[in-house]
Every structure is written in structure tokens, then in C-alpha cells.
Amino acid sequence: MESKTEQPLEQEKEVKGPGRLSRMFLTLYDVYKFIARFFKEGFLPPYELKELFRQCYEIGYRSALLISTTGFITGIVFTKQSRPSLSEFGATSWLPSLVGIALLRTLAPLLTGLIAAGKVGSSIGAELGSMRVTEQIDAMEVSATNPFKFLVSTRVLAATITIPILTFYTAMVGMCGALLNVSLSENTSAKAFFQSSLEQITFLDFTASTIKAILFGFTIGVVGCYQGYNSSKGTEGVGKAANSAVVIAMFLIFIEEVVSVQFFSLFRT
Amino acid sequence: MEQKKQTDKGAEKVIEIKGLMKSFGNFHVLKGIDLDVYKGENLVVLGKSGTGKSVLIKIIVGLLTPDAGDVKVLGQLVDQITYKELLELRLKVGFSFQNSALYDSMTVRENLEFPLVRNQKNLTKAEVKHAVEEMLDAVGLLNTINQMPSELSGGQRKRIGIARTLILRPEIMLYDEPTAGLDPITCLEINNLINEVQTRFHTSSIVITHDLTCAKSVGNRVAMLLDGQFQRVGTFEEVFNTNDERVKPFYDYNFIQ
């Protein structure tokens, strides 16, 4: 008999006691059902638009400062480290395009994904976990409200929408950092720098970066929500949910990065 | 303490439970229990901690599924209806949680608005505002309307939790340990509130507790849950007028203490 709430009961989980491998497959199946439920319910009315916008704002607001700082510093450091190698070949004029491509293709999506996994993923995991153990999710269930739609769908969608925006913001801030570094060592105008950076960026770079960022955002949202929504064992469970949300999301982001680099390289000549 | 009216057993049954069983692994919590709740009555379920009292009401509201047995709520078998039908049924069944389960990121007003605006979409803003204020007034906490749950006392949180449940005008109320962790005066206030809800909103209720003062004060009938089964069901006096060694200590502890 299937539970109406899909709430795992700790006692049930413990006593069934399948082996480690079976448990892993059971968890994967559970995650698959969770994602399937998101696609089944997330796009159907009634829409929780107010909560969706609130989550988008929260995710952007929570990560903005850290992303700005990290992006800016990355731009400076990357430019500084790349200059000597390029100088050896007398190719310092390639620096803006190198930085632009590196930032857009990999650094910005990866940095944004990792920072958001830490800031946003942990926050979602802890918030939903705490709501689970204090029975707030059950309270939504019994008041005839679908908590999955209100809590999970909105957060996953918000992360999927916001992370790509933050990615391009990171790239832009990183470029500003690079410009600062370049300006300190040579006489280059901002217009010339950005022109030089952008002329090497292709539509494929832009598309690949967007797709990766969407994937990272979706991963952060799903992992955070899954861990929080299914947490148990009181405060210990909340801590575990927050921690797992970060660790698993970061691990998956690296795997997605490797796979997507391989995939998009097929389209590059 | 005012004597509660006896249950009218000719009244319609709002909850019918037959042969209900629930286990968690090898731990058999409910071992085939039968129970009827009649329209308009407050039924108190008494029992020690861990005897499955909360499990029982979570099954009634569909938060847990039974291993065996039938649970019929307002004529519908809870474990055999669709999720959509269950949501509709839940509009008629209010659940007051032991720890109130107020949404801690929302104010008191938003807590009460939350179920209302999602389930009664035709209401205007003014009607929602009126309904929220009316319900807070009914539990005597209109002055807390803009406060956050963290700013409320335990008793206030319980009252707000009950108000949030009542705002959907349920036919059945399920109270999970309504007086747990409260001082005697606040317990008395909560007991009075439960009785007031019964008369003012014409609800039928199941009250889960191990507080005999609460049981005596609010229950038309009392059901004693022991070893996974209801050992004694009747009025408070009928249940405790016994030499059963499993029941007597319960009474002695509560009242002698």
C-alpha cells in the first residue's frame, strides 16, 4: 500500500534493511520518482507564482555578494596567471578573448554552481528538513494543500531560472576583474577589452553555458529539496540534510561539467 | 468540572475503524482496533506514550497508510481514495498538531490565510481578512495577528494552530496531545477551547492525550489504548471504574499526583 504523502517512515526504512547496493538502487528510484513528480506537478495549475518569485529573489539575493566577490577575484587571478604564458609567445593581445572564453565556457557556470550549491542548496535542505521534522509539511498536507507543489516545485524552478542569470552575472563581474588587471599593466580601454573578448565567443559557447547553468540550477534545487523533504531523525536529520544537499550537489555538478564538456566538444571544430 | 453529555449512539458515524493494524517493522503498534466516532461527540483516546495514539489519527487523515483494516471517514475509505479525493476529504478533517506546526516563516495572519486562500479561491481579500480576524477572535488571540510564531507562547501557538485548522470549517477535529507541555492554567484554557469548538462549530473530535484532566473535561467518551488495542471504551467513569491493573495506575498517577 503506497503512502499518500510519500513520506518515508524511519522505522520502516530501518527494518526493511536491504543491502547497501539495493539501498542505493532504492534511493535512485526514489529520486527518479521525486523528479518525475516535479515534472508532473510543477507545471500544472494552480501556480504558486508569488512563492516562485520570492524564491528567485531569495536565491539571487543570498548568493549575489559571494558570487560578485568570487567572480571578480577569479577574473583578476586568471588574467594575472595567464599573462606570463601568453607573453612568452607574444600573444598578450589574446588575453581578453582567452579570459572571456574561459569565463563563459567553464569558470562562470562552475563557480556559480558550486557557490550556489553551498549557499542555496544547504539553505533549501535545512529549511525543508526543519519543516519536515517540525511537522509543518504534514500541516500543509492535512490542510488540503499540496506541499510538494508549494515547497519543492517552486524551489527547483527558482534555482533552475536563477542560476543561469547568476552565471552570466558572474561572467560579467569576472570580466570586470580581468579588465582591472589588464588596465593596471597596460593602456587598454574598456571598450576595446570587451570587444576583443566578445568577438571570439560563439553562439555555441553561449548555448553550452546556458544549458550547463540550467542543469546545475536544476541539480541544486532537486538535491536540496530531496534531502530536506525526506529528512528525519530530528535536528540531526536537518543537519544531515543540509550537509548532504551541498556535498551531493557539488559532486553532481563536477560530473555534469565533465560530461557537458565532452558533449559540447563534439560540436566544436 | 462540568459533566460532559453522553454520546448519542443513534447518531451518524463520522469515523468507522475496523480491524486496523499498523506495524513498524517488527513493532506492532496497532493490533486490529475497532472504533466508531459519532457525529457531535468528543472521543478521547488515552494511552501511554508510544502506544500508537498519534499513529491512529495520522492514519485517519491519510498521513500514514494502514497495514490492514478499514478506516472510513465521512463515508470514504481513506486508503482507497485518490490523492485528489483525499485532499477534498482533508478539507472536512482538521488536524491540530502536538507542536502546533505553525509555519515559522509566516506571520500569524499568513498562517491562517495559507489554507484559506488555497482552498477557497472565490473569496475576496476583504472576506479572507474578515475570516482570519473572526477565527483569531474566536480563540482570543486577535492581538497576535501580525506576530511571528517564534514570538508566541506554547499555549498561544496551540490556539493559533487550532484556529488555522478551524478556518476551513472542518466537520471533524483531530487533536494530537493538545495540552502536552503546558501549565495547568493554559491546559484548562485549551480544554475550554476544545469544548467551545465542539459546541460553536458543531465538530466531532478525537482528542489524543495522556492527560486525564483533559480527558475528563472534554471527552464524551474515552477509549483506553493498551497493547495495540482498545481495552476499555465508555464514559470516563466507566473506563476507570475498574480493577484492571493496566488501567488503574494511569488514573492513580494522574490524580494522586
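**View 1. Confidence along chain B of this predicted model.** Chain B has a mean pLDDT of 90, and 96% of its residues reach 70 or more; pLDDT is the predictor's confidence in each residue, from 0 to 100. For the complex, the predictor gives an ipTM of 0.89 and a pTM of 0.86. This is a predicted model, in which local features need pLDDT of at least 70 and side-chain atom pairs count only at pLDDT 80 or more, while totals for chains, interfaces and linings use all residues; side-chain values use heavy atoms, leaving out hydrogens and water. Residues are numbered from 1 along each chain as its sequence is written, and chains are lettered from A and ligands numbered from 1 in the order in which they are written.

**View 2. Chain B as a whole.** You can find 9 helices and 10 strands in chain B. Its radius of gyration, taken over C-alpha atoms, is 18 Å, close to the 18 Å that the globule rule (2.2 Å times the number of residues to the power 0.38) gives for 257 residues, so chain B is as compact as a globular protein of that length. The C-alpha trace of chain B spans about 55 × 45 × 40 Å along its principal axes. Of the 257 residues in chain B, 55% are buried, where buried means under 20% relative accessible area, exposed over 50% and partly exposed in between (1.4 Å probe, protein chains only).

**View 3. An open sheet in chain B.** Follow 4 strands of chain B in the order S2-S1-S4-S5: they form an open sheet with antiparallel pairing. Strand S2 (27-38) and strand S5 (76-77) of chain B are the edge strands, each pairing on one side only. Two strands pair if DSSP finds at least two bridges between them. Strand S4 (residues 68-73) of chain B is joined to S5(B) by 2 bridges, and Lys72(B) stands opposite Leu77(B) in S5(B).

**View 4. Strands S6 and S7 of chain B, side by side.** In which sense do S6(B) and S7(B) pair, parallel or antiparallel? They pair in the parallel sense, over 4 bridges. Val93(B) stands opposite Ile172(B) in S7(B). From strand S6 (residues 93-96) of chain B, Val93(B) and Phe95(B) point one way, Gly94(B) and Ser96(B) the other way, and all are buried.

**View 5. Some backbone angles to look for.** Most residues other than glycine have a negative phi, and most peptide bonds are trans. Ser100(B) is not a glycine, yet has a positive phi of about 70°; Ser100(B) sits in the loop between S6 and helix H3 (108-119) of chain B. Ala101(B), in the loop between S6 and H3 of chain B, also has a positive phi, near 55°. Ser100(B) is buried, with a relative accessible area of 6%, and Ala101(B) is buried too, at 3%. Over in chain A, a cis peptide bond with omega of about 0° joins Pro45(A) and Pro46(A). Look for Pro46(A) in the loop between helix H2 (20-41) and helix H3 (49-88) of chain A.
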